[in-house]
Number of protein chains: 2
Amino acid sequence: MEQSTQRNLVSSSDVNGTTVYGSDGANIGTIDHLMIDKVSGKVAYAVMGFGGFLGLGEDHFPVPWGKLRYDTEKGGFVTDITESQVTGAPDRRDDWYADPDWERRTHEHYGVPFYWM
Amino acid sequence: MEQSTQRNLVSSSDVNGTTVYGSDGANIGTIDHLMIDKVSGKVAYAVMGFGGFLGLGEDHFPVPWGKLRYDTEKGGFVTDITESQVTGAPDRRDDWYADPDWERRTHEHYGVPFYWM
């Protein structure tokens with residue numbers, strides 16, 4: 001596949017609801033919304049709903065963008081996160097997205113590079 | 001300012017409506033929505049409404065993300081685009097966001113690096 005055909009643009013209004021698949025191909029949840037760094041123009045987090053999959057109930061969990069990969073054939077994101085990774089993630093304040101310490105610890109927890117470097 | 005405090009996260013649900021200022025500081029329009037490259041997680045375009053400013057009426061115009069800079073003090077984006085740049089931009093199809101040739105020509109027109117490189 002040519003590089004140019006691998007681009008896959010979606011509106012910030014439409015990305016909500018995109019399916020997320022686990023590494024075994026099962027539908028494990030959906031994107032509730034993305035958190036975007038306005039300064040760099042990079043997506044920082046996918047805030048995911050698991051809808052009862054992974055035993056995680058209806059809550060929403062911010063997952064670093066680096067844990068997701070878009071699969072153009074599936075038309076959705078793929079991730080290898082596990083239930084214990086999500087439940088074991090650092091506790092967050094309501095304004096977790098403005099808490100640099102939480103951001104650092106969360107990226108370390110998931111083992112992904114900092115999006116702000 | 002520390003690098004960590006320059007991060008400024010916004011939800012994909014809330015970015016719509018953010019003000020865009022011209023290089024002279026005037027309010028010239030708003031973000032209608034962003035177009036995000038799902039593969040790279042980078043914002044590719046700001047689709048802007050000019051609301052009559054710049055003589056551009058109520059239509060929406062996709063502007064390459066590289067033309068905008070987020071100003072944390074203003075709480076909005078700043079751009080140096082001009083009316084003639086916007087009106088002189090390459091004609092677009094309804095599915096311009098899936099037209100690699102239009103994307104290339106538009107980035108060249110605005111003189112900004114390709115987001116997909």
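In strand 3 of chain B, G29(B) is the bridge partner of V20(B). That bridge belongs to the antiparallel pairing of strand 2 (residues 19-21) of chain B with strand 3 of chain B, which runs over 3 bridges. Strands here are DSSP runs (E, at least two residues), numbered from the N terminus, and two strands pair if DSSP finds at least two bridges between them. The hairpin of these two strands has 5 residues between the strands, and in it G25(B) takes a positive phi near 90°.

Before I continue, a word on conventions. This is a predicted model, in which local features need pLDDT of at least 70 and side-chain atom pairs count only at pLDDT 80 or more, while totals for chains, interfaces and linings use all residues. Residues are numbered from 1 along each chain as its sequence is written, chains are lettered from A and ligands numbered from 1 in the order in which they are written, and side-chain values use heavy atoms, with hydrogens and water left out.

I return to strand 3 of chain B. It pairs with strand 4 of chain B in the antiparallel sense over 7 bridges, and H33(B) has V47(B) as its bridge partner in strand 4. The hairpin of strands 3 and 4 of chain B has 4 residues between the strands, with G41(B) at a positive phi near 70°.

Which strand of chain A pairs with strand 3 of chain B? Strand 1 (residues 9-11) of chain A does, in the antiparallel sense and over 3 bridges; V10(A) has I36(B) as its bridge partner.

Let us turn to chain A, where H33(A) lies in strand 3 (residues 27-37). Is H33(A) buried or exposed? With a relative accessible area of 15%, H33(A) is buried. Leaving aside neighbours within four places in sequence, H33(A) is in contact (heavy atoms within 4.5 Å) with N16(A), Y45(A), A46(A) and V47(A), and with S11(B), S12(B) and S13(B) of chain B. The side chain of H33(A) also makes a polar contact with the side chain of D32(A), at 2.9 Å. A polar contact is a pair of N or O atoms within 3.5 Å; within protein, one must be able to donate a hydrogen and the other to accept it, and residues adjacent in sequence count only if both atoms are side-chain atoms.

Technical notes. Buried < 20%, exposed > 50% of the residue type's maximum accessible area, 1.4 Å probe, protein only.
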